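Please examine the structure shown below together with its sequence. The paragraphs that follow trace one region from its strands and helices to its side-chain packing.

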Amino acid sequence: MLEDARVIDVHHHFLPKAVFDDLKSQAGGANRLVNDKISLTLSEDLHDAQTHLQAMDEGAVDAAILTYSGVSVLGMAVCRQLNDGFAELQRSHKGRLYGAAHVALTDPEHAPAELERAVRELGLVAAGLPTSDGRTTLDAPELRPLWQKISELNVPVILHPALLPQGASTDYGMERSCARPFDTTLAAVRLMNAVLPLFPDLRVVLPHSGGTSVFLRGRISMFFEPAGWPIPKPGLAKTQREQHELGFDRAFEELWGKFYFDTAGTGGWAPAIEFAAAVVTPARMLFGSDYPLESHSGATVRELTDMIAGLRLSREDKQSIAGHTAERLFRL
């Protein structure tokens with residue numbers, strides 16, 4: 001991989017055995033659970049910590065932050081199981097496995113208290129949230145107390161796409177290949193317009209290289225109209241020159257700069273990662289393996305770390321992506 005770089009995987013999935021067994025039962029023993037709320041591959045590796053550690057060793061990954069916010073749609077009781085299970089792994093494998101705190105977006109009354117318990121009492125290092133939960137999106141007014149609590153706790157947010165975004169088709173795996181990246185993009189736009197202006201200290205990790213947001217950055221900025229600003233010809237697209245003359249480009253970049261982007265989501269396709277680095281800078285990119293789903297063995301994890309080592313970037317930039325930025329962001 002890289003010399004003098006601690007490799008930290010910020011997109012790494014785990015399910016406590018009790019949660020996995022319940023989902024497996026719901027799937028009737030099949031290796032995939034698909035219903036009106038969720039589309040999930042039930043790899044047996046999900047609940048086996050030793051398998052995770054072995055894959056990390058073989059893949060040259062030093063530490064991982066565990067999440068699975070896609071199952072938050074199943075309710076707060078499941079989120080508490082996730083939080084307790086991640087905390088136990090964090091204690092048992094200190095310095096190697098860390099956990100993110102999970103809450104259900106559809107239970108905004110109890111979400112702030114559970115987040116506080118998971119961070120202050122259990123010591124989890126981030127907040128893991130889905131990009132949406134049914135009809136509940138991240139800009140919903142009832143979620144403002146949750147965003148306030150995240151700001152108070154001063155932990156980064158790791159997003160993950162809804163496993164079955166609203167209206168997504170499961171034909172040809174399109175809920176995974178197309179709908180999830182677009183749900184991430186929609187979440188980013190909602191955050192920029194309705195959440196980040198209210199809570200400017202938030203830091204948010206967008207999964208899968210930002211979904212489609214990196215490619216669409218120019219188009220998103222073209223329609224960005226900051227609240228409270230005088231807007232000539234509101235609603236019309238604005239060129240780069242017009243954005244600059246109005247000062248919208250600086251307002252946009254201030255909000256866009258709150259986002260970090262993990263490198264998961266392309267199966268190790270280097271051109272996509274190099275394009276993202278050119279758009280967002282390597283300093284805001286973080287290594288992600290999406291184990292045990294996108295990568296599912298030590299060899300496939302190693303393929304992803306080797307891909308980072310082979311990027312056409314400076315040694316310092318590759319070290320930043322591999323782990324240096326994650327160390328600072330999550331205070332590991």
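Strand β11, helix α10 and strand β12 make a right-handed β-α-β unit; a crossover is right-handed if, with the strands pointing away from the viewer, the path from the first strand over the helix to the second runs clockwise. Helices (H or I, at least four residues) and strands (E, at least two) are DSSP runs, numbered from the N terminus. The model is predicted, with local features requiring pLDDT of at least 70 and side-chain atom pairs counting only at pLDDT 80 or more, while totals for chains, interfaces and linings use all residues. Residues are numbered from 1 along each chain as its sequence is written, and side-chain values use heavy atoms, with hydrogens and water left out.

With β10 (residues 204–206), β11 pairs in the parallel sense over three bridges, and Val204 stands opposite Phe259. Strands β11 and β12 also run parallel, joined by two bridges; here Asp262 stands opposite Leu286. Both faces of β11 are covered, with Phe259 and Phe261 buried on one side and Tyr260 and Asp262 buried on the other. Buried means under 20% relative accessible area, exposed over 50%, and partly exposed in between (1.4 Å probe, protein chains only).

The helix of the unit, α10 (residues 270–280), has Ala272, Ile273, Glu274, Ala276, Ala277 and Val280 buried. An α-helix has 3.6 residues a turn, so residues three or four places apart point the same way. The cover over the buried residues of α10 includes α9, β11 (259–262), β12 (285–286) and α11 (298–309). Ala270, also in α10, counts as partly exposed because its relative accessibility is 23%. Leaving aside neighbours within four places in sequence, Ala270 is in contact (heavy atoms within 4.5 Å) with Met307 and Leu311. Just after α10, Thr281 takes a positive phi of about 75 degrees.

A nonpolar core is a set of buried Ala, Val, Leu, Ile, Met, Phe, Trp, Tyr and Cys residues joined through side-chain atoms within 4.5 Å. The largest has 88 residues, and those with the most contacts inside it are Val71, Trp147, Ile150 and Phe259. Helix α3 (residues 76–92) supplies the largest share of this core, seven residues. Not counting residues up to four places away in sequence, Phe259 touches Ala188, Leu191, Met192, Leu196, Val204, Leu206 and Arg284. Apart from this core lies another, of 15 residues, among them Tyr98, Val125, Ile158 and Leu329.

Phe259 also belongs to one aromatic cluster with Phe224, Phe252, Trp256 and Phe261. Rings of Phe, Tyr and Trp (its six-membered ring) pair if their centres lie within 6.5 Å; planes under 30 degrees apart count as stacked, over 60 as edge-to-face and the rest as tilted. The charged end of Arg217 sits over the ring of Trp256, 5.6 Å from its centre, the criterion being NZ of Lys or CZ of Arg within 6 Å of the ring centre and within 35 degrees of the ring normal.

The structure holds six aromatic pairs. Trp229 and Phe248 form an edge-to-face pair, 5.6 Å centre to centre with 75 degrees between the planes. This pair links distant parts of the chain, 19 residues apart: Trp229 lies in the loop between α7 (217–222) and α8 (240–246), and Phe248 in helix α9 (residues 248–256). Phe248 counts as buried because its relative accessibility is 1%, whereas Trp229, at 37%, counts as partly exposed.

Key. Two strands pair if DSSP finds at least two bridges between them.
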